[in-house]
Amino acid sequence: MMHGNEKSDSAIVAVKPTNKAGQPAAEPVEPRAGTKGNASQQSTRRAQDRASVSQALDRVRKAAKQRKKERFTALFHHITIEMLRLSFFALKRDAAPGVDGVIWEDYETDLDRKIEDLHNRVHRGAYRAQPARRRYIPKPDGRQRPLAIVALEDKIVQRATIMVLNAIYEEDFLGFSYGFRPKRGQHDALDALIVGINSKKVSYILDADIRSFLDTVSYCPLVHEP
């Protein structure tokens, strides 16, 4: 749903409620588990990394916005030590480990050395992604949804790469696009849909499952195979 000319609806993010609803509230949200090491030093380092990465991505974003038809051919240098370290801290601390068995707390130990080593391997062409750990989640209809759990270092590299590519492709998306975009999801799309229904005259709503639709089309008698 879009309001105005190619403007994105404001994202609606669910916030975890406080434990106590009294006034004043005991705490705004549930506290996160603390990390090892000097918290002040970590906070300063992360702030510096965030500023450095933000400036670099802003330049990419500006170029993508101003030169729509230009192709980017040199983006590899944007995968910096700062970006890899920032990507690590953005990962979920309690996520299941991949085939390497490495968890977030293990990798945080001697983090700077590990990030520098990862950066060197990536830029030398020596980095190789590890196989994903496959798990299946039961669905209500009896089927199973496959889930790929990648190794922690692969998550770091993937997130850093996504940050660079998003700076380019986000400039091409329209406001009513919600799928697989930063800080957006299906709940935001539903919220925008409700706003549209309540504020505009709507005659019908189409709800389609792409996979089911393709399966239907493949067996449709009006579709002729070559």
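What follows is a walk through a predicted model, from the whole chain down to single residues.

**The big picture**

Let's begin with the parts list. The protein has seven helices and two strands. Reading from the N terminus, the elements come in the order α-α-α-α-β-β-α-α-α.

The chain has 226 residues, and 23% of them are buried. Now take the contacts with a separation of 6 or more: 64% of them are between residues 24 or more positions apart.

**Helix 2, a mostly covered helix**

How much of helix 2 is buried? This helix runs over residues 81-89, and seven of its nine residues are buried, so it counts as mostly covered. The buried ones are Met83, Leu84, Arg85, Leu86, Ser87, Phe88 and Phe89.

Two packed helices are described by the angle between their axes and the distance between the axes.

| Helix pair | Axis angle | Axis distance |
|---|---|---|
| Helix 2 and helix 4 | roughly 120° | within 9 Å |
| Helix 2 and helix 5 | roughly 115° | within 8 Å |
| Helix 4 and helix 5 | about 65° | 12 Å |

**Helix 2 with helix 4**

With their axes crossing at roughly 120°, helix 2 and helix 4 are oblique to each other. The crossing of this pair is right-handed. On the helix 2 side, Ile81, Leu84, Arg85, Phe88 and Phe89 take part, and they meet Leu111, Asp112, Ile115, Glu116, Leu118 and His119 of helix 4. Sorted by class, this contact has seven nonpolar, one polar and three charged residues.

**Helix 2 with helix 5**

Next comes the other partner of helix 2. The axes of helix 2 and helix 5 cross at roughly 115°, which makes helix 2 roughly perpendicular to helix 5. This crossing, too, is right-handed. Helix 2 brings Met83, Leu84, Leu86, Ser87 and Phe88 to the contact, while helix 5 brings Leu152, Ile156, Val157, Arg159, Ala160, Met163 and Val164. By class, that gives 10 nonpolar, one polar and one charged residues.

**Helix 4 with helix 5**

The last pair is helix 4, residues 111-124, and helix 5, residues 152-169. Their axes make an angle of about 65°, so helix 4 and helix 5 are roughly perpendicular to each other. Once again the crossing is right-handed. Helix 4 joins the contact through Ile115, Leu118, Arg121 and Val122, and helix 5 through Glu153, Ile156 and Val157. Five of these residues are nonpolar, none are polar and two are charged.

Is Glu153 buried or exposed? Glu153 sits in helix 5, and its relative accessible area is 15%. Buried means under 20%, so Glu153 is buried. Leaving aside residues up to four places away in sequence, Glu153 touches Tyr107, Leu118, Arg121 and Tyr127. Tyr107 is 46 residues from Glu153 along the chain, yet their C-alpha atoms are separated by 8.8 Å.

Ile149 takes us to the strands. Ile149 lies in strand 2, which covers residues 144-149. With a relative accessible area of 12%, Ile149 is buried too. Which residues does Ile149 touch, not counting those up to four places away in sequence? They are Ala96, Pro97, Gly98, Ala132, Arg133 and Arg135. Between the C-alpha atoms of Ile149 and Arg135 there are 7.5 Å, and along the chain the two are 14 residues apart.

Finally, there is Asp110. You'll find Asp110 in the loop between helix 3 (104-108) and helix 4. Most residues other than glycine have a negative phi. Asp110 is not a glycine, but its phi is positive, at about 60°. As for cover, Asp110 has a relative accessibility of 43% and so counts as partly exposed.

Conventions: Residues are numbered from 1 along each chain as its sequence is written. This is a predicted model: local features need pLDDT of at least 70, side-chain atom pairs count only at pLDDT 80 or more; totals for chains, interfaces and linings use all residues. Side-chain values use heavy atoms; hydrogens and water are left out. Helices (H or I, at least four residues) and strands (E, at least two) are DSSP runs, numbered from the N terminus. Buried means under 20% relative accessible area, exposed over 50%, partly exposed in between (1.4 Å probe, protein chains only). Contact means heavy atoms within 4.5 Å. Axes are lines fitted to C-alpha atoms, for helices over the stretch in contact, and angles run from 0 to 180 degrees between N-to-C directions. Angles under 35 degrees count as roughly parallel, over 145 as roughly antiparallel, 65 to 115 as roughly perpendicular and the rest as oblique. A crossing is left-handed if the near helix is turned anticlockwise from the far one by less than a right angle, and right-handed if clockwise. Ala, Val, Leu, Ile, Met, Phe, Trp, Tyr, Cys and Pro count as nonpolar, Asp, Glu, Lys and Arg as charged, and the others, Gly among them, as polar.
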